[in-house]
Amino acid sequence: MAEKQTDTSTTLKTTLTDLQSELSTLNRVSHRLALTDAGPALEKVLNLLLPRLLSRIGKNDDAKTSNRSNKRKAPSSPLTLSSSASVSELSALHDQINAMHESIHKKLIEMLTHTMKRVREDRNCQLPCVAILELLLPEEHRQQQQSETVEPNGLVVTANPFTINLSLAFLTLGVNRSSPSACSDLLPGLLTFLACLLLEGLPQKEGSFYSDNCVGISHILDASRKMRFDQTCHLILRCLEYISCNPLEKAAIRRAADSSSSNVSDASSNNMNETSAESAVPSLKETKRAILSNPVVGAALFEIFSDVLLYTPVSAASSLIPYGMSTSGYQRLINGAASGKMVGGNSKYWKEEFASRARLRELKLKMLELIAPCRRFALFLFDDEKSSDDASKVATSEKVENECSSQYNPTDNGALLSSKERAMGISRTVALMVLLTGDSDPDVKSKAESYLRAHMDSYRGKDAEKSEVDESSLHDALLGNSAALAQSLLTLVIGGVASISVTNRLMSQYKLERSVDTLKLGLSVSYHVDKTMETHQKALLSCCRKKVDEFTSAKALKFVAKMLEENPKLFHLCDLQIDESDVAAVSIGSLTLSAFGDLRQPGSSGSAAVESVASLLNALCLRLTMFYDARMKQSGVETSRARIRQILAKSMVQASAVLAPMSSGHGGSSTLGSSAKTANTQLDIRDHCYGVVCTLARSTFCLDERGALYDCGNSRSFPENTNQTHFNRTLKSISTASMLFGCVANEVEMLRPRATSALDALLSAYVRVVTSTSENARRIDDGKSNTKTESIPTTSTNPWADIRINDAVVDKKNDNTKEIDGLSRSLAPLLWTSSRRSQPKSSRLAAVRWSNELLIHLDAKNAIHLLCFLSGDDDATVSMIAKKALGVESSLGDDVTFNETEWSNSSEAILSSVTFTELMETIVGREAEVIPGRPKFAEFVVPAKAATCRFMLQSLFSEGSFY
């Protein structure tokens, strides 16, 4: 024990001597530093001294902490009397060492303060930023760079807090004086350090799994970590800003430099420019390699770009946050230090520096130059992704696969670039350009539109890349990860809080890891929080973005709609036989419905955003119905069908809500006092909603037993123990038909054909249901599993026989004439109303078609009455359809022979099923039996009377009892 204490005492004495020597050295260095003149001499001294001082202050603090820890571990009670003096001696040595550490710390602070003061006064003094940045990076980072492997997710910041904070302060000062080439050298290290800060506090995976861009939330909760994170973000932003100012990137200047390279007087400057350009290229490649190889770096940089591009100045007295920004992101951006480069400016913060529209426009254009695929940098894309020479060529899948496999050569800079991350880089580039197309500044908007258009035209038709994990449907050479791009744009439209709510609701419906990863797909970072801790929840809310403004929303929604229209395989993530392969369709559909409900608020019926989301809803329903139709032919995917059916039903609800005012005749009142642009927008919105109805009515969704299509999207569920099957279980409604008939009658002339088309599609859906139900009943009755004979539905197989009318169930009667209540009783008043002469032609035309194609199969007697009335209509088309349905369209003298053989087709068979006596009672009748709104024969016009007489005679002569 005594020998051990003696060794410890010797070590402590040696340490104390070294510290005294170091303090003496620092005093001499401090004296020489104070005597150094400003200018190149000071800059040369700082290049060597400043990194050492910053490193030493951290090591000194670590040593002081270690010394205190060793003192606490030393035995406090001596075992013998002789060891009592040794213990007290060791304690005294620890105290002396601690005092020396304090003295060294004060001296270092004094020297760094002196250095900071002198550097601030000398604006031309350059700082060794690269050497300072190396102090912040973990040792593993340098080892990985030497071995050309990149695993930034496993890196942890090990530098002392004093070193980190003071280094960031000097970097903030030094970056503002650095050249574009020097800034490009700093970017890879800054991005790595940013990733390390984001991954601090992220727990290890235990049973659960994180998305690739998942980060911790400690940089939001802890004040010191938050300050470091904010400073690092601003350093990255400043470097990006200065890189885009590099004059060597201007094509005109480069050409001028090349043409004047033979001039001897400019030879030195040209050589310097060429050297700068050559030195910038490798660092740019390293920067892009860091962005594309690490999902966290790419997602974090996307957040920085989004904050800048969505920022709009607000008044100093206002506490509002600009659209599209989060609370933490906004505070981080505006509280950053100003560059100090403004001529005649005394701005202290970033917000003051970019308070003017001109300065903000300049910054956004610089950021756009950095990300545009058609420009040199294209930070989110790898070099071969933006080759202008190959832009017009269509790469085959084999060539793309070979190119991807060649990326994994260990000697290549892009060794670890996976196809997935390359696709995410493309998606981030496209998303940022889409956001800028909605900018309020016309210069920024036009430039973004031109770059986006050039990108879409250059890469159109290029085959999607294939990855090792079979995600070819997500990786597209034009849009990258289409699902992530669509989800991210929709998230910006509805806001982060609403998006989290939608995602959490869907997470409970999917269990596979692949499906959960798809739900978490996003271009920005996602946060791992403990839902049981209130502080974590508040921190997460501060990171959620507000929804973007109306103009940006309109552009984003239009772009997503275009994606759905041009990419029919957007939802095909994997094998469709898997029940959870619908995850992308359900996710995008849920976000779209949320956006529609959020944007369609009172007073916004004529906004461009509502028109865009209506267009997206139309495109969504088109793709979902195709997906739903394919699901109907598969087995084992019942849960998937239910999820898609629910989205389609909600889409029908939204479309019906838009069309309902027009159906009641009040839809045009809001257009009268509005501008021409607003009126046209309202027309486009209704046009898209008619498209939704048409799409749903023409798909197998019309055969859904819940009947959402026929009740304006409202679905009903049924108990499992009911004896009814298929559509006999469904309480049918004519709400949708009534709405569309009203739209046909009240719609403006320009959209009336669209309303008529939607009504025709609904008629086809009704006929399809009747035919399907009749065939099912015939198979059951005949005991046949397959029959191709088209059956004629009768009243006994009418699926609407027990329909609810005015919330009352119509009781079935034993008499056959009482069984045809259902749909026929609901449709008849609607069709008679639409047949009035005061109604427009389109309304009467729809009435005659519905009578001929549907009502005549359900209630032939009343259908004939209506057709006889319409046979005398003023419009030739309406009257001809009615006469043809009655079989009296031929001229007099060309009448058919009245015998049963002539009633061969189904329509004539139905007409012959009604006896002449029944026709007389229905059409001619007695005055006491007149139903309001249903004129009898005496009230018919002359042409209608003539057609009715011919039909009645034909009916009389065709009866067997007549002979």
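Start by selecting A608, V610, E611, A614, S615, L617, N618, C621, L622 and T625 in helix α25, then T681, D684, I685, H688, G691, V692, T695 and L696 in helix α28: these two sets meet, contact meaning heavy atoms within 4.5 Å. By class, the contact of α25 with α28 has nine nonpolar, seven polar and two charged residues.

What you have open is a predicted model, where local features need pLDDT of at least 70, side-chain atom pairs count only at pLDDT 80 or more, and totals for chains, interfaces and linings use all residues. Residues are numbered from 1 along each chain as its sequence is written, and side-chain values use heavy atoms, leaving out hydrogens and water.

Now show α25 (residues 608–632) and α28 (residues 676–697) whole: they pack at an angle of about 15°, with their axes 9 Å apart. That makes α25 roughly parallel to α28, a label for angles under 35 degrees.

Next, pick R56 and E22, whose side chains meet in a salt bridge (2.1 Å, N to O); the term means a side-chain nitrogen of Lys or Arg within 4 Å of a carboxyl oxygen of Asp or Glu. R56 lies in helix α2 (residues 40–73) and E22 in helix α1 (residues 2–35), so the pair ties together parts 34 residues apart in sequence. E22 counts as buried at 17% relative accessibility, the cut-off being under 20% relative accessible area with a 1.4 Å probe, protein chains only.

Then move to R641 and E638, a salt bridge of 3.8 Å, N to O. Both lie in helix α26 (residues 638–663), three residues apart.

Finish with K226, D230, E303, D307, R332 and R545, linked in a network of salt bridges.

Technical notes
Axes are lines fitted to C-alpha atoms, for helices over the stretch in contact, and angles run from 0 to 180 degrees between N-to-C directions. Helices (H or I, at least four residues) and strands (E, at least two) are DSSP runs, numbered from the N terminus. Angles under 35 degrees count as roughly parallel, over 145 as roughly antiparallel, 65 to 115 as roughly perpendicular and the rest as oblique. Ala, Val, Leu, Ile, Met, Phe, Trp, Tyr, Cys and Pro count as nonpolar, Asp, Glu, Lys and Arg as charged, and the others, Gly among them, as polar. Buried means under 20% relative accessible area, exposed over 50%, partly exposed in between (1.4 Å probe, protein chains only).
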